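Hello,

Here is the structure we talked about handing over. Please open it first, then read my notes below.

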Amino acid sequence: MFRMTLMYNSKNLCRLKLLTRNRILVACWGINGYDTTIETTTSSSIRLINSYVNNNVDKRFIVPISNKRTFSSGNLPTHYKVALPALSPTMEMGTIVSWEKKEGDRLNEGDLLAEIETDKATMGFETPEEGYLAKILIPAGTKDIPIGKLLCIIVPEQSDIDAFVNYVPTESSTSEKTPKKTSEPPKSQPPYTVQQTKTDATPEKPATVAASMPRSQPIVSQIFTGTAGRIFASPLAKTIAKEKGIDLARLSGSGPSGRIRAQDVINAPSMLAMTMTPSMMTSFEDIPMTNMRQVIAKRLMMSKQTIPHYYLTAEIEVDEILRAREQLNEMLKSENTKLSVNDFLIKASALACQKVPQVNSSWQDTFIRQYNSVDISVAVSTDAGLITPIIFGAEKKGLIEISNDVKALAKKARDGKLQPQEFQGGTFTISNLGMFGVTEFSAVINPPQSCILAVGNTEKRLVPGGDNKPRSASLLTVTLSCDHRVVDGAVGATWLKHFRQLISKPFSMML
């Protein structure tokens with residue numbers, strides 16, 4: 001196994017991919033100040049890496065290449081330990097969906113070894129070494145596997161397989177590839193469960209309970225009830241008892257004829273609260289969180305807690321764009337292509353970002369990064385959660401190309417086949433809930449982006465027309481969420497003004 005290391009100096013997420021014959025040889029990721037190791041399988045690949053690095057990477061940040069095979073040695077035959085790789089920059093844990101090879105199978109360069117579920121998608125993991133699969137250490141279906149965990153053993157010779165039949169990894173071998181962290185992230189709390197009270201538990205003696213209570217608090221000594229077993233209590237006392245979970249049957253009242261008053265309930269000790277019984281509990285099911293759901297929760301929480309959101313809402317007449325869409329779809333019927341309103345919105349958003357580049361920017365702590373290309377992230381709902389595949393260079397693409405890209409990416413997203421480079425990044429996001437009948441809503445910014453456009457549905461309304469006569473118009477409600485650290489209110493309003501003009505007069509997109 002040949003290995004080289006790069007040190008990235010920039011704050012942005014870096015990505016290096018080397019391609020040969022339409023197959024990814026190398027995919028590595030690096031963040032400011034972190035070493036990134038590139039691993040390949042052949043000497044020809046290392047030459048390709050050298051050529052790429054010499055032409056594309058700043059030599060100041062390169063650590064010399066070490067052409068060293070990472071085979072293990074000892075009492076066992078020569079073998080290669082395959083650990084769980086980081087298949088995306090945000091991946092912390094993974095799930096083995098399936099093993100595509102069995103123990104004893106021959107492994108050739110480029111063979112699919114396993115399907116691994118990351119925080120965003122299910123990805124194929126190719127074998128990193130030619131040889132034979134000697135031992136699978138993590139069975140299919142295992143969840144929350146940390147990066148660097150030993151997955152399997154590969155040997156170069158078929159005769160070496162038997163030596164690993166009873167192989168058990170040591171603690172050092174399972175953690176040798178796991179990077180050391182200075183601090184552990186807080187562990188998520190286990191799902192909340194309601195514990196039922198044991199029915200055979202010995203009840204506390206009334207005298208013991210009474211002795212432990214202050215004398216000023218009423219304790220049950222005798223309950224005044226009617227002939228039908230009714231408990232006499234004021235309406236306010238009943239309301240407070242219900243809110244606090246106090247069993248009125250265990251209280252004695254201080255009112256006339258033992259009537260329970262509100263003050264009696266307020267002064268009641270907390271241990272008189274009603275015990276949950278199986279008949280009182282609501283049935284429920286604890287659903288385990290997927291890696292994708294955990295990442296969504298973490299990023300949205302971070303967005304709302306750290307980004308100062310503000311919102312701008314506008315209503316836009318879309319009659320002309322609806323007519324243009326109908327005419328274009330009629331023309332494209334023979335090509336089996338159908339444009340959606342969302343395709344026009346993506347194009348208009350990209351052009352508006354060109355006119356107001358401050359919106360096409362991101363907050364980078366010590367500086368603001370303004371992008372030259374408009375990469376539109378489109379929110380797609382899947383069974384596993386929300387994901388945002390990207391239309392790269394949307395300002396340069398036509399409506400047909402945008403439409404085809406959206407359809408292809410949405411299908412891959414719902415099938416869980418998106419690659420990291422297809423959903424990580426983006427400079428502006430659009431979230432459209434109009435097809436669900438939502439009139440308007442405010443979306444949460446997708447960091448590190450500065451803005452997200454929330455699109456509602458189209459409604460027919462009466463608006464003032466010529467000669468003070470009302471006319472019918474189709475109105476679309478949109479809300480722009482902005483990061484006030486990057487986009488001031490006037491800048492956001494200017495972007496919305498240009499967007500309105502492009503949507504109201506779709507032919508202006510051709511100018």
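**What I found**

D144 sits in the loop that links β11 (131–136) to β12. Its phi is positive, about 55 degrees, although D144 is not a glycine. D144 is partly exposed, with a relative accessible area of 37%. Bear in mind that this is a predicted model.

N336 has a positive phi too, of about 55 degrees, and is not a glycine. N336 belongs to the loop between α7 (319–331) and α8. Its relative accessibility is 74%, so N336 counts as exposed, the cut-off being over 50%.

**The sheet with β12**

Strand β12 is part of an open sheet of four strands. The order is β10-β9-β7-β12, with antiparallel pairing. Which strands stand at the edges? They are β10 (122–126) and β12 (145–146). Each has a single partner strand, so one side of each lacks a neighbour in the sheet. For β12, two bridges make the link to β7 (residues 93–99). As background, strands of a sheet pair through backbone hydrogen bonds.

**Cores**

In soluble globular proteins, nonpolar side chains tend to be buried together. The largest nonpolar core here has 53 residues. F428, W495 and F499 have the most contacts inside this core. Helix α8 (residues 341–355) gives the most to it, namely eight residues. Leaving aside neighbours within four places in sequence, F499 is in contact with I316, L345, A348, S349, A352, L453 and V478. Another core lies apart from the largest one. That core has 21 residues, including L84, L113, L133 and I147.

H79 is in the loop between β5 (62–66) and β6 (80–83). Is H79 buried or exposed? It is buried, with a relative accessible area of 2%. A polar atom of the H79 side chain lies 2.7 Å from the backbone oxygen of P77.

The peptide bond from P447 to P448 is cis, and omega is near 5 degrees. P448 lies in the loop between β21 (428–432) and β22 (451–464).

**The whole protein**

The protein has eleven helices and 23 strands. Of its 511 residues, 41% count as buried. The accessible surface comes to about 29,300 Å², and 52% of that belongs to carbon and sulfur atoms. Among contacts with a separation of 6 or more, 63% are between residues 24 or more positions apart.

Best wishes

Notes:
Residues are numbered from 1 along each chain as its sequence is written. This is a predicted model: local features need pLDDT of at least 70, side-chain atom pairs count only at pLDDT 80 or more; totals for chains, interfaces and linings use all residues. Side-chain values use heavy atoms; hydrogens and water are left out. Buried means under 20% relative accessible area, exposed over 50%, partly exposed in between (1.4 Å probe, protein chains only). A polar contact is a pair of N or O atoms within 3.5 Å; within protein, one must be able to donate a hydrogen and the other to accept it, and residues adjacent in sequence count only if both atoms are side-chain atoms. Contact means heavy atoms within 4.5 Å. Accessible areas come from the Shrake-Rupley method with a 1.4 Å probe; for residues, only the protein chains shown count as cover. Two strands pair if DSSP finds at least two bridges between them. A nonpolar core is a set of buried Ala, Val, Leu, Ile, Met, Phe, Trp, Tyr and Cys residues joined through side-chain atoms within 4.5 Å.
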